[in-house]
Amino acid sequence: MDFGFGAEDEAFRSEVRDWLGAHPAEGVSRRAWERELGRGGWIGIGWPEGGYGNRTASLVQQVVWAEEYARAKAPARSGHIGEKLLAPTLIQHGTEEQKQRFLPPVARGEELWCQGYSEPGAGSDLAGVRTAAVRDGTTTTYRVTGQKIWTSLAHEADWCFVLARTEPGSRRHHGLSFLLVPMDQPGRVDVRPIRQMTGTSEFNEVFFDGAVAEQVVGGEGNGWRVAMSLLGFERGVSTLAQQIGFAEELGQVIRTAVETGAAGDPVVRERLVRQWAELRTMRWNALRTLGGSGGETGAPSVAKLLWGGWHQRLGELAMLVRGAGAAVAPRDWSPEQPYELDPLQHLFLFSRADTIYGGSDEVQRTIIAERVLGLPKEPRG
């Protein structure tokens, strides 16, 4: 099973390749690259509505763009949270005024977003959110106070969509609202990068101390419904593009196994073949999901379980085929560069988080058990 690429789709593919070839991103900052994509009209091609400065493309063409972007080894996006998460949420739940205010700057690559969901006591279980938002008098302005954690790219973001409790005393999924909070509020919004064992800091802690928010999406008290629909947008066409990167990493691991002689071990060969076969299975599953009528309960959870575990096992395999060399850094230690990893070492360390972020494996299995298989719900205190 695969998408059928017609003449129009292949013409679109040529256009994508030509544009990416004519616009090298080397030496360009991430924010400048977003603006370059915006000028080319490449941000928001998957939005079901046009008119915000974006071009629209068919589902097949969205797959073409995502795959060609990955094959070109173009930079990791800073604007994907605004494009892939906020925008579909506004299109589904926002007012026309909110769409006109926030979608064009996203399409131009001018405003970057981060997601304020997880908290120290509410990671994968968003019903435990404690961040509070209180109306400022009788106005429609809210004052947001609380802490978010594991907030991707918050140090680069202009805005944050925040799940906060607007009804004092409410519990679990009741009394939550989906607020849009500007990040440039000195003394009221404090972003602290979290240094990971890879040496990088993509994630952050964010502290809100009376931060001002004047926009509520979907109405006060409807935050849970809005938040749940947003989580469904996280896994879609991008899954296929992600698999292009996975295939390149697997190829590097196989080449390393041949170079080190590890491929001569039948157990290692069996694991390499299994990784290849599982990657193909993930592709067919993604195509089946995209080619269906939509709304398949549990599909996002199944996808997350498949790729999270697969990628983590690939990282472990990468270290196995390296042997003792896996423990050796690519450069000698120096005060200027005290911590450096080669690509396979980075793969191993970063993939340890794959089964946690974006919804832990335990949470995904609970969703499948309760919502797909109809098993009894987990007892709660």
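Which residues have the most contacts inside the largest nonpolar core? They are Leu37, Trp47, Trp65, Trp113, Phe161 and Leu180, in a core of 38 residues. This is a predicted model, in which local features need pLDDT of at least 70 and side-chain atom pairs count only at pLDDT 80 or more, while totals for chains, interfaces and linings use all residues. Residues are numbered from 1 along each chain as its sequence is written, and side-chain values use heavy atoms, with hydrogens and water left out.

**Nonpolar cores**

- A nonpolar core is a set of buried Ala, Val, Leu, Ile, Met, Phe, Trp, Tyr and Cys residues joined through side-chain atoms within 4.5 Å; buried means under 20% relative accessible area (1.4 Å probe, protein chains only).
- Apart from it lies another core, of 19 residues, among them Leu250, Met319, Val321 and Leu344.

**Helices H9 and H10**

- H9 (residues 299–322) and H10 (residues 343–350) pack at an angle of about 140°, with axes 8 Å apart; axes are lines fitted to C-alpha atoms, for helices over the stretch in contact, and angles run from 0 to 180 degrees between N-to-C directions.
- Residues of H9 in contact (heavy atoms within 4.5 Å) with H10 include His311, Leu314 and Met319, and those of H10 include Leu344 and Phe348.

Conventions
Helix = DSSP H or I, 4+ residues; strand = E, 2+ residues; numbered from the N terminus. Buried < 20%, exposed > 50% of the residue type's maximum accessible area, 1.4 Å probe, protein only.
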